[in-house]
Amino acid sequence: MQAHSRCMCLPDILRLWLQTQSSGEQGLSSPVGHDPDMGWSPHEPHACPAGPTMEPGSVENLSIVYQSRDFLVVNKHWDVRIDSKTWRETLTLQKQLRHRFPELADPDTCYGFRFCHQLDFSTSGALCVALNKAAAGSAYKCFKERRVTKAYLALVRGHIQESRITISHAIGRNSTEGRTHTMCIEGTQGCENPKPSLTELVVLEHGLYAGDPVSKVLLQPLTGRTHQLRVHCSALSHPIVGDLTYGQASGQEDQPFRMMLHAFYLRIPTQAECVEACTPDPFVPTLDACWSPHTLVQPLDQLVQVLRAAHDPEPTEGGPGPCSPSTHPPRPGRPPPPHPPETEAQRASYLQWLSEWTLEPDN
């Protein structure tokens, strides 16, 4: 597929990492408790509190992981919508941004900010915001040319025995009554217009979540179908913990306080700057005592190092290679330069792009 030729995929990253390891080094399938930095032993009983220890979402609680003259990357909280025109939505990312950066809001756009891509309501993690039309256009070009690198962290049900898996189930819309808002894999009843979809999965850890077997995985979507990662994990019979839509039907997913899917790493190699962000890992025992890892399969930090060192493909036209040094170094809090109001045609074009990316993205 085209995606294979345009990004560094997880199998490539894994092979490169393995080549750097000497035969005498430890790392694969070692007990997590052997790491002195973990600060606890896997044999110790692990109490599971009634709720999360992470700070709940609020209009003031907005984490910025990257900021420049043209872009912001936020670490979106779980169970927060990006934007909404519904008065019942008391908290959205749009409102958080307006509260934190009122000077950056553009009144000539629909929501005040140009979101370069989407994250589900239940998904947390890295989300890029363009601060002007030119920046939005450069990010759009990267998505269109499949030059964006994204990686997610997830906790999934069961212990996955393979160290890595390529998932290639085609995904379509579910026309079954009562399930029309969901997606499904080709071959299931009511699956309409399935399109090729590809996800790479690498197992990081095995452990227990509230006493049940769970695997921590790194996921890289090489296509961008709606709910792709959730559908692909469910198709493996390893649904994401806390996924009420594609998870287990026994009511078990009502117990976790959130869906355990997090946008961990993002790189958008625009012509002007390399927008790159790696968010904190939320799936650690210090933040959620229900999660008790006991076996390390692949070390996350070394995979990230290789991911960051990977060369980006050249753009289709013009200028130096992507991720060249930014001509505008990060200046927190500085507003973008003045620009003329957005025309109706430009707004319509942008909304069409965002709608297509959200519903049936091919990038």
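A residue is called buried here when its relative accessible area is under 20%, exposed when over 50%, and partly exposed in between, using a 1.4 Å probe and protein chains only. A263 counts as buried because its relative accessibility is 4%. This is a predicted model, in which local features need pLDDT of at least 70, side-chain atom pairs count only at pLDDT 80 or more, and totals for chains, interfaces and linings use all residues. Residues are numbered from 1 along each chain as its sequence is written, and side-chain values use heavy atoms, with hydrogens and water left out.

Let's stay with A263 for a moment. A263 belongs to strand β13; helices (H or I, at least four residues) and strands (E, at least two) are DSSP runs, numbered from the N terminus. If you skip the neighbours within four places in sequence, A263 is in contact (heavy atoms within 4.5 Å) with L119, T123, S124, G125, A126, A151, Y152 and T279. From A263 to Q220 the C-alpha to C-alpha distance is 9.8 Å, with 43 residues of sequence separation.

Next, look at strand β11, residues 199-209. Here 10 of the 11 residues are buried, so the strand is largely enclosed by the rest of the structure. Two strands pair if DSSP finds at least two bridges between them. β11 runs antiparallel to β12 (residues 212-221), joined by 10 bridges, and L201 stands opposite L219 in β12. The two strands make a hairpin with 2 residues between them, and A210 in the turn has a positive phi of about 50 degrees. β11 is also antiparallel to β15 (residues 291-296), over 5 bridges, where E205 has L296 as its bridge partner.

The largest one has 51 residues, of which L97 and L219 touch the most other members. Strand β6 (residues 149-157) gives the most to this core, with 6 residues. Apart from it lies another core of 17 residues, including Y66, A135, A139 and F143.

Now for the aromatics. Rings of Phe, Tyr and Trp (its six-membered ring) pair if their centres lie within 6.5 Å, with planes under 30 degrees apart counted as stacked, over 60 as edge-to-face and the rest as tilted. The structure holds 1 aromatic pair. The centres of the W78 and F257 rings are 5.3 Å apart and their planes are at 65 degrees, so the pair is edge-to-face. It links distant parts of the chain, 179 residues apart: W78 is in the loop between β3 (71-76) and α3 (93-100), and F257 in the loop between α5 (228-235) and β13 (261-269). W78 is buried at 8% relative accessibility, while F257 is partly exposed at 22%.

Helix α5 has 6 of its 8 residues buried, so it too is largely enclosed by the rest of the structure. Those buried residues are Q228, L229, R230, V231, H232 and C233.

Finally, a word on confidence. pLDDT is the predictor's confidence in each residue, from 0 to 100. The protein's mean pLDDT is 78, and 69% of its residues reach 70 or more. Over residues 20-46 the pLDDT is below 50. Where pLDDT is low, the predicted coordinates should not be read in detail.

How values were computed: Core = buried A, V, L, I, M, F, W, Y, C linked by side-chain atoms within 4.5 Å.
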